[in-house]
Amino acid sequence: MRNLSLGIKISGGFGLLILIAIALGGMAVWNMNTVKTQSVMLAEEYVPEVEMAMALRGAVSRLMFEMRGYGFTEDDTFYQKAREELAAVEKAVEAGRRLDEKAVNLKKLKEELAEAIKGIDNYKALIEQSVDTSAELAKNRGVLDKSAAQYMANSNAFLASQNQQFERDLAERQQKVTHVSNLVDIGAEVRVMNYKAQANNTPDMIDAAAGKLDSAFTVLENLRSITRDEADLRRIDATASAGKNYQDAMKAFVPEFRKSLLADQGVLARLKTKMDENAAVYMNNCNEFLKGQQEKLSRDMLDRRNKITLVGDVTNLGNDALIGTFKAQAMRSPAVIKTALEDFSKINDKLDALKAATRSEENLKQIEAIRQAGTTYKTAMSDFLTNWTRLQEIGRQRAEAGDVAIAACNAMADAGMSATSGIADGAVASLGNASTVMTIGLIAALIVGCIIAFFITRGITVPVNRIIAGLNEGANQVASASTQVSSSSQSMAEGASQQAASIEETSSSMEEMSSMTKKNSENASHADHLMKEANQVVKTANDSMHDLNLSMREISKASEETSKIIKTIDEIAFQTNLLALNAAVEAARAGEAGAGFAVVADEVRNLAMRAAEAAKNTAALIEDTVKKVNHGSELVSTTHEAFSKVAQSSAKVGEIVTEISEASNEQANGIEQVNLAITEMDQVVQQNAANAEESASASEEMSAQAEQLKEYVRDLVLIVKGSGSHNESIAGRTQIKTIAGPKRQVPAPASSRELRPNQVIPLDDDDDFTDF
Amino acid sequence: MTQDISLMDQAIREINTKIGKYLTFSLEKEEYGIGILKVKEIIGMMPITSVPRTPQFVKGVINLRGKVIPIVDLRAKFGMAGIPYTERTCIIVVEIDSSDATILIGIVVDAVSEVLNIHGDEIEDTPAFGTHLDTEYIMGMAKIDGGVKILLNIDRVLSSAEIQDFQSIA
């Protein structure tokens, strides 16, 4: 193992690790693939199977639900919905068939699907039957309603007729009673009148009473016309004859009674008795008739009541039957209809009873009609019952068929689910297996890797350490040497840079001086120039002064001329004054006649005064002007003198300035030369400093490189051994240094002393600057 | 006729009572007045021909439109110092009554002022300064504007002897 190269060792180790990794990976991948195939099967076959089964079941359930709704309510909307669900069922079945063709592993699918299809087809047939039965049922219902209506109508008609007859009989009876009452009233009245007449002895009243009985005959006739009963007729006749007898008796009584006191008492009594007897008979018969009528009335009423009750019962039974039908439909129990059918026998009994109690042909026909209608109703009801029962039966069969289909779906779903769970378990098992294998393999890889790493590392670090030691030694030696060189050249560089600095200072101050001198000379020449300009200006001013003087003199002259004129005016005024005074004198002399002239003289005097005044003012002004002009003149001359002096002084100044300017120029030249010399000196010093710097930096570089080398060695140490082993190499280093140190130390200072002063910069030489 | 008489009377009265117009002139800052009737003419200064052997105050004679008139310097007459003649210096030609005739004399004055109408209440009689002074030549004192103007009796200014002389000169 020691003789192999580092690269081979490392690559060998890595290769082994890679092989292990590949093996583990391969196994894992194989397991995954198995799981994958199973999952594919799951996804493509089992899960769709379950899906489809569920879908089919759902559709079938919904179909059953809709059909149930239809079965209960016969509402067409349910049927339509059922058709939609049927379409969905078909679709699901179709999906199932497709799946069956595609799938290879679904074994139970085929037979279960066939089962389901059978059930569904059955169901479809039953649906058709249901629809037909529903239609028939509807028809039955129609018939039922119609016959029920007919029955009711007939019953009601009978009832109506009965009521009608009853009313008619009642009216008749009432009429008869009225008549008989009238008869009674008339009889009573007649008797009362009779008695009253007998009591009051008024035979006319008896005649009146007799006459009244006629009306009774009329009534009796009326009564007869409306009576049919034999007994009644006899009674009527009896009443009539009694009445007649009474009448005759009364008529026979009257003449006897009229005789009053002369009347035969025995005849009277006989006649009275006869009257009373007949009256009694009359009244009796009437009362008998009345009673008879009342009895008949009550009998009739009972009879009618009976019939009406019967008819009412019949109607009620009919209603009960109808209600029974509806109730049965609502409660969905045919038993109720059966109960309702029993009602019909009851109806028949009632009808028989009614028939027994009826005599009228019309009524009998009506009864028959009712019976007929009842029979029809019954038939319709039983038909309805039959159909309805059948519908229920069909419903039950449908449910069975649906259940079959659903059971088949469930079986398919179960098969699918069991397969799915099987696959899932298998996947779990295989994945578990794979993970176990992986774990074992990783552990093995870890162990192998560790061993290999250990051996390789050892193979590298031992030689590297040896190399490190040697490098350390060499680096240390180089470092110390370079440090010495560096320090000596540093000091040389410092001295040179100090020199350069002082030269810089000198140079800069010389620069300043030079610039100052230049500025001076510039300023001087500028001043000279300005002076010359000033001179020019003064000259111009002088000339102007002169001109001013001249013009002022002219003004003076003009003013004098003007004053002369003023004087003339003054004289004129004076003369005018004299004239005025003379005029006044003459006017005074003239006395009265000269009064006007005196006025004129006065006015002239005024004028003279004014003129004199004006002339005086003007004279004064001119005086003033002249004075001012003179003053101005004086000032001008003073100024002129001053300007002359200024001109002189500025000329002098100009000269001096020129001298200054020249001197400054020379100064500037001198300084320039000095500057040049200094610059040259500076250059040389700079050079020296640069050289010293260079050697210093070169030694610095060397030192730095030595440090770098030591750094690299330290890095290598770190890589090989880690930070703990730093002390070992340091110890090695110091050891090496002390061996070499003392040999070096003695010559080093001497040589450095020799190096520094002599060769680098000849500062000890006190030569003048001409060297530069 | 009576009118003339009344006029004359008035004139006389006026002359006697000193009321009337006076021509005022100035001499050495003093104002004097002469009655207007005494004044013949006023003329400006003109060259005077001096006559020898005349008193100091007689300056000479002038030729005024053919007439020879003697000129008296009033300053010298009043004893004031003489001054050079200015442009305002004038000659007043006055008529003086002498014993027998009126003669014209010109007096030199510093300046002529105006003709004043002086009322009676403004005239004061000459105050007596003592017996030595002869104040006949002063007619009176006129109070005008706070100042006093001396009204001269020109006839008395010059004595008769002098007048005689003048007569001879003229």
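Which residue in S2(B) does Leu23(B) stand opposite? I looked it up, keeping in mind that this is a predicted model. Leu23(B) faces Ile34(B).

Entry: I checked how S1(B) and S2(B), the latter covering residues 30–35, run together: they pair in the antiparallel sense over six bridges. I then followed the chain from one to the other and found a hairpin, with two residues between the strands. In that turn I noted Glu28(B), which has a positive phi of about 50 degrees.

S2(B) has another partner, S11(B), residues 147–152. Here I read a parallel pairing over two bridges. One bridge I wrote down joins Tyr32(B) to Ile150(B) in S11(B).

**Entry: where the chains meet.** I looked up who takes part in the contact: 16 residues come from chain B and twelve from chain A. On the chain B side, S1 (20–27), S3 (39–44) and S8 (111–118) supply at least two residues each. S3(B) gives the most, with five residues. By type, I have ten nonpolar, one polar and five charged residues on that side of chain B.

**Entry: the helix in chain A.** H1(A) runs over residues 6–73, so I checked its length: at 1.5 Å a residue, its 68 residues should span 100 Å. The end C-alpha atoms are 96 Å apart, which agrees. I also found a kink of about 40 degrees, centred on Leu42(A). Just after H1(A) I came to Glu74(A), which takes a positive phi of about 55 degrees.

Conventions
Residues are numbered from 1 along each chain as its sequence is written. Chains are lettered from A and ligands numbered from 1 in the order in which they are written. This is a predicted model: local features need pLDDT of at least 70, side-chain atom pairs count only at pLDDT 80 or more; totals for chains, interfaces and linings use all residues. Two residues are in contact if their C-beta atoms, placed from the backbone, lie within 7 Å. Helices (H or I, at least four residues) and strands (E, at least two) are DSSP runs, numbered from the N terminus. Ala, Val, Leu, Ile, Met, Phe, Trp, Tyr, Cys and Pro count as nonpolar, Asp, Glu, Lys and Arg as charged, and the others, Gly among them, as polar. Two strands pair if DSSP finds at least two bridges between them. The expected span of a helix is 1.5 Å times one less than its number of residues. The bend at a residue is the angle between axes fitted to the seven residues ending there and the seven starting there.
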